[in-house]
Amino acid sequence: SILKEWIKKTGNYPYVTASEGNNSIAGYVDFDTEQIEEGNCISIGGKTMVVTYKSKDYVSNDSHNLALYIDDIRGRTEKAQLFIVSAIKSALSHKYTWGDSISKSKIKSDKIMLPVTDSGNIDFEYMKQEDRDLFSRFMIELSPRIKELGKVVSIDVTAPDGSPDWSLCFDRKVLSDVSDYMMFMAYDQHGVSSDEEGTVAG
């Protein structure tokens, strides 16, 4: 354990607790190398289910806290892991409590749900243009796993209109190669958000 007086405002390693404030960092310490957790990972407070991204090596205050590492180094980007942080919070925060806390063995059987429509289409929207290749890689790896389950791979895409976060974030050629169906997200020409009245399509 770490004594309170060891925690300082300056030091080489963030001291990470299970609290929610300040990205769970209570201070900075210098500590033995065998106690250092490798950074660029997702940290989960074992008792509190506080989920955060840790960019740098750190020291944890509790053996119940978990550090999750993405297997494929290409997916260990800050943006990808921040997205997974949100997905874990949404999927598991209601499941675990102080009296029934998460653990290494329990999380292995947990399922983290990613964006899909009610009909089961993979539906990622408003991504960044710079995430285009990362999303393509995600689909390249996800598609065969879905097909192993005997399921159809169907993905929603937008019209190619030049918008960086609505259109250019999709590599439609790659997505068409790995998907069984691509669902075009078409909207009314004049809908509820239109500034003027008009036909649905004209």
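## Strands 8 and 9

In strand 9, Tyr181 is the bridge partner of Ser154, a residue of strand 8, which spans residues 154–157. Strand 8 and strand 9 (residues 181–184) run parallel and are joined by four bridges; strands here are DSSP runs of E with at least two residues, helices are runs of H or I with at least four, and both are numbered from the N terminus. Two strands are taken to pair if DSSP finds at least two bridges between them. Along strand 8, Ser154 and Asp156 point one way while Ile155 and Val157 point the other way, and all are buried, where buried means under 20% relative accessible area, exposed over 50% and partly exposed in between, with a 1.4 Å probe and protein chains only.

## Basis of the model

This is a predicted model, in which local features need pLDDT of at least 70 and side-chain atom pairs count only at pLDDT 80 or more, whereas totals for chains, interfaces and linings use all residues. Residues are numbered from 1 along each chain as its sequence is written, and side-chain values use heavy atoms, with hydrogens and water left out.

## Other strand pairings

Strands of a sheet pair through backbone hydrogen bonds, either parallel or antiparallel. Strand 1 (residues 13–16) pairs with strand 2 (residues 25–29) in the antiparallel sense over four bridges, and within this pairing Val16 stands opposite Ile25 of strand 2. Strand 1 also runs parallel to strand 6, to which two bridges join it, with Val59 in strand 6 as the bridge partner of Tyr15.

An open sheet is formed by three strands in the order 5-4-7, with antiparallel pairing. Its edge strands are strand 5 (51–54) and strand 7, each of which pairs on one side only. From one strand to the next the twist averages 30°, with axes taken as lines fitted to C-alpha atoms, for helices over the stretch in contact, and angles running from 0 to 180 degrees between N-to-C directions. Strand 4 (residues 41–44) and strand 7 run antiparallel and are joined by three bridges, and Ser43 stands opposite Ala67 in strand 7.

## Cysteines

The structure holds zero disulfides, a disulfide being a pair of cysteine sulfur atoms within 2.5 Å. Cys41 is buried, with a relative accessible area of 0%, and Cys169 likewise counts as buried at 0% relative accessibility.

## The largest pocket

The largest pocket holds about 1900 Å³ of space. A pocket is found on a 1 Å grid over the protein atoms alone, as an open set of points with protein on both sides within 12 Å along at least five of seven lines, whereas a cavity is a set where a 1.4 Å probe fits but cannot get out; lining residues have an atom within 4 Å of a point. Its lining comprises 44 residues, and Ile84, Ile112, Leu114, Phe138 and Leu142 lie nearest the centre.

Helix 1 (78–92) and helix 3 (132–148) each supply at least two residues of this lining, and the largest share, eight residues, comes from helix 3. By residue class, the lining of the largest pocket divides into 27 nonpolar, five polar and twelve charged residues; Ala, Val, Leu, Ile, Met, Phe, Trp, Tyr, Cys and Pro count as nonpolar, Asp, Glu, Lys and Arg as charged, and the others, Gly among them, as polar.

Terms used: Grid points are joined across faces, edges and corners, and a volume is the space filled by probe spheres set on the points.
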